[in-house]
Amino acid sequence: MTEFQTKVDPTLHNSQVDAIIGTHIGVHHEDNRTYVTSEGASPEEKFESALNAIDGGLLDRARMLIDDVIASDSRSARIYFYWAIAVLGSKSQHDLTSKDKRELNMIVERVGRIPDDSWRLALEVVLDLAGYRPKDVGWWRTWEAHLDALTIEQQTMVNEHLDRLMPSAALEAIWTQRCATARSNQFRDNRRGRIELFFEAEPAEPRLVAPHDNRAGDTQASLPGRYALVAVAALVIGVIALLTQPLLATAELTMTAATAVAALAFGCRWADRVADLAPSPSDAVPAYTTGQTGFTHQVRQRFTEHFTTYRPPAFDLSAWLAETTTERERLAHEIARSYRESTTTVENLDWIIRHLAREARDHAVSAQSPEPSERLSPAATKVLCIGLTSAAGVALLATLVTIVSGFEPSHIGLSLTASLLLIWSLKRAVPDTLEVRSEQRRLDREHAERRTEYESRMAAYRRWKARLEDRPSETEMQTWLNADKTIFIAEVLDNYRLRWSRLVTHTFLVTPNPPYRKARVKNGPWRYTRYAFHLFLVTPEGVREVSTEIDAQSARRGKELRDSYRFDALTSVRVTDDKRAGYNLELTLTNGPAREIHIKDANAQQVLPANGEPQIYDHEEFSRIDLDATGFVHTFHLLEGIAADGKAWARDHGLPQPSSTPTA
């Protein structure tokens with residue numbers, strides 16, 4: 001007995017859950033087409049959405065929308081034609097439900113009251129093909145002539161969606177043409193170079209990163225007072241010395257001032273070079289950030305991924321990652337700090353992280369940084385600074401000796417006090433001056449560097465934005481996927497030596513295959529970088545199942561898994577709905593354990609909007625869209641019918657009963 005359940009089966013294996021949770025968050029694009037209409041949408045808007053749904057392979061969605069259009073008394077041959085396409089698409093006569101047949105009969109009754117135009121002719125052709133109008137002996141020749149009389153748009157709809165209803169004489173010719181079209185479409189319009197762009201989020205614009213705040217603000221505010229003390233003390237000593245021995249004091253004071261100024265100049269050069277080698281506070285990574293999760297952790301992980309991808313040829317991976325640990329942490333902290341308070345996600349920042357990883361690689365290839373010892377100031381600078389400082393001290397001491405030689409007690413006491421004040425104030429003023437000067441140099445240098453970095457990132461941003469203009473449309477993504485599916489079916493038929501016309505019916509499941517990235521246009525189904533194909537071919541002998549995985553960019557497929565079983569070998573089909581992992585289809589055969597196929601992700605998925613604005617979605621609505629896109633509904637009902645009835649299903653469909661299991 002077949003069961004359809006929505007509760008989580010406690011026996012399910014959790015590997016799929018873990019795999020899905022580890023995937024990238026989905027990207028959301030704006031697009032002109034829409035599959036979902038607003039609550040107060042007009043019949044015209046709903047019909048337009050239905051046409052988009054048919055182009056996107058969402059036939060169940062299209063039928064629901066056109067049902068609403070017909071219910072609003074908006075009825076025409078064109079509307080009925082596309083309704084019939086949605087109902088009959090990819091189905092054989094055996095797949096039609098009693099509801100389908102009842103509603104098709106109602107359409108037949110209304111045909112005579114519809115104005116006679118090209119759309120009525122197209123509708124009559126579809127109804128003839130489905131067997132809902134009386135036929136004479138030569139009906140096929142008449143129908144074929146009518147098909148040739150349809151417009152290209154109408155013929156395309158019939159050939160692509162109603163091939164399972166066509167007489168055997170036409171099936172093979174249509175199938176051959178369809179395969180040729182698929183091979184022509186599979187790599188058209190630079191699929192390999194463009195498809196990856198569909199999974200890229202809208203890039204966040206680069207931001208000008210400000211250097212760390214000036215750390216010498218308080219020190220700079222105290223300098224005028226210190227300079228005043230130096231000036232007062234020097235003035236007192238100079239006046240007393242000039243009063244004592246004018247000529248000798250003049251020479252000594254000149255020597256003191258000259259050597260002090262020269263020592264300060266060389267000291268500044270020495271301090272500048274030492275400061276340039278000191279770690280910048282702008283590059284410091286706070287210790288608490290290394291254990292952060294969430295956004296910062298995602299940014300850090302993405303840097304590791306891209307630095308792993310963009311590795312210089314001269315480095316092996318472990319050496320390169322070890323070499324760039326500090327740089328990666330610094331850049332990750334900078335990016336996370338710059339965008340933390342915005343609605344930007346790591347997907348929006350992927351382009352800039354990739355750009356920075358490439359820059360690091362190119363820098364490592366083009367030029368190696370000199371060792372710190374090679375960048376230190378020359379020894380002459382330090383020797384001159386120390387020597388001139390000593391000379392200034394000797395000259396000041398000589399000045400004091402000159403003052404003492406005058407034997408004026410009042411002069412001696414005052415000059416000694418001034419000398420002590422001068423030494424004390426210089427000891428505070430000189431380091432503070434060097435600190436303020438170094439900090440200002442750092443700010444000037446980092447402002448210039450950040451401006452250069454910003455201009456480089458802005459140029460990369462413009463290039464990336466220009467490239468994203470070539471992002472594939474939803475129609476192109478569906479065309480490429482349809483081509484992959486058709487070619488896969490063709491190759492499977494060749495392997496089994498089956499003819500298309502010999503199939504009773506078939507169904508196709510297209511599911512995500514972890515690990516993958518995913519993206520969707522507004523209101524559309526998810527598209528994935530890696531798919532799993534599950535093909536079920538129903539032949540007179542039984543069911544043949546073939547599965548494979550495929551890369552969306554290269555269309556390269558993996559190993560195929562094949563299985564064949566009688567109609568009565570499929571004993572159970574059920575669906576499990578895990579709120580963490582999503583939908584899973586479980587098949588149970590008489591000769592083996594239950595097999596599980598992951599259909600789609602859970603409903604509560606984070607969607608990355610293109611404009612950064614939060615979006616609120618009807619998860620049930622989008623769940624139906626995603627299930628429709630996978631082919632789940634048709635597959636489930638087909639397998640459910642076979643599992644429930646077994647041999648009776650084959651007998652009801654007029655199929656002979658095989659005596660043994662078909663071989664692959």
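Phe47, Phe81, Tyr82 and Trp119 form one aromatic cluster. The model is a predicted one, and its aromatic pairs number 15. A pair of aromatic rings is described by the distance of the centres and the angle of the planes.

Tyr82 belongs to helix α4 (residues 77-88) and Trp119 to helix α6 (residues 118-130), so the pair ties together parts that are 37 residues apart in sequence. Tyr82 has a relative accessible area of 3% and is buried. Trp119, at 16%, also counts as buried, because the limit is under 20%.

A second tilted pair consists of Phe488 and Phe533, so described because the planes are at 50°, with the ring centres 5.9 Å apart. This pair links distant parts of the chain: Phe488 is in helix α20 (residues 474-496) and Phe533 in strand β5 (residues 530-539), 45 residues apart. Both Phe488 and Phe533 are buried.

Rings also meet charges. The charged end of Arg354 sits over the ring of Trp464, at 4.6 Å from the ring centre. Likewise, the charged end of Lys485 sits over the ring of Phe508, 5.4 Å from its centre.

The buried residues of α15 include Arg328, Leu331, Glu334 and Ile335.

How values were computed:
Residues numbered from 1 in each chain as written. Predicted model: local features only at pLDDT ≥ 70, side-chain atom pairs only at ≥ 80, totals over all residues. Heavy atoms only, no water. Buried < 20%, exposed > 50% of the residue type's maximum accessible area, 1.4 Å probe, protein only. Helix = DSSP H or I, 4+ residues; strand = E, 2+ residues; numbered from the N terminus. Phe/Tyr/Trp six-rings, centres within 6.5 Å; stacked < 30°, edge-to-face > 60°. Lys NZ or Arg CZ within 6 Å of the ring centre and 35° of its normal.
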